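Hi,

Here's the structure I promised to send over. Have a look first, then read on for what turned up.

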Amino acid sequence: MAKQRFQRILLAVDDTPCSLKAIEYAKEIVEEFRSSIALITVIPPTSPASYGADPLLGQQPIIVPEVSEVQQKSAEEYLNNLALDFTSASEVFVFTRIGSVREEILLAAHEWEAKLIILGSNGRTGFDHFISGSVSESVIRKAECPVLVVPGKCD
C-alpha cells in the first residue's frame, strides 16, 4: 500500500535557487517509489507597461504580448531541461501555466490527480511574508493531497 501512496507527484518549481532543494527531494522520492512526476511552473500575468502612456491624456497602459511569450518559452525550456534529470520516473509531464501561482498549482494538482505536491519555500517571515503572502501556506490549506514543503531560504 505504501508504494502506491506517491505514484503521482506534482513538483512546483521556478528558476530560483529556492527550488533546488525541493528538486533534490523530489528526485529521491521519485526514485524510491518509481513515481510519475509532473513539473509545473507558473508565470504571473504580465503587468501592463506604462511606457509612453499618460493617464492625464486618457492613454491606457499597454500589455506587450511578446513579454508573455518570452517568459513562457523560457519556462518551457527550463522544465524540459529539468525533466531530463528525472530518469527514474515512470513518466514525466510538464505544465507551464500563466496566472496566480497558488491557484494554478492547486488546479494542476486536482486535474492531474496528484497524490503528493512538493514545493520549495523561500523562508520569508515578518513583513515580507505579510506583504507577499505564502504560496506554500495557501497550497497546504487548500490541497486535496499531502504537501511537502522544502525550506530553501534564498535571498
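A term to start with: pLDDT is the predictor's confidence in each residue, from 0 to 100. This is a predicted model, where local features need pLDDT of at least 70 and side-chain atom pairs count only at 80 or more, while totals for chains, interfaces and linings use all residues. Residues are numbered from 1 along each chain as its sequence is written, and side-chain values use heavy atoms, with hydrogens and water left out.

The protein chain has a mean pLDDT of 83, with 74% of its residues at 70 or more.

Now the helix pair: H4 (residues 101–112) and H6 (residues 135–142) pack at about 35 degrees, axes 9 Å apart. Axes here are lines fitted to C-alpha atoms over the stretch in contact, and angles run from 0 to 180 degrees between N-to-C directions. On the H4 side the contact uses Val101, Arg102, Glu103, Ile105 and Leu106, and on the H6 side Val135, Ser138, Val139 and Lys142. By type, that's five nonpolar, one polar and three charged, counting Ala, Val, Leu, Ile, Met, Phe, Trp, Tyr, Cys and Pro as nonpolar, Asp, Glu, Lys and Arg as charged, and the others, Gly among them, as polar.

Cheers

Methods. Helices (H or I, at least four residues) and strands (E, at least two) are DSSP runs, numbered from the N terminus. Contact means heavy atoms within 4.5 Å.
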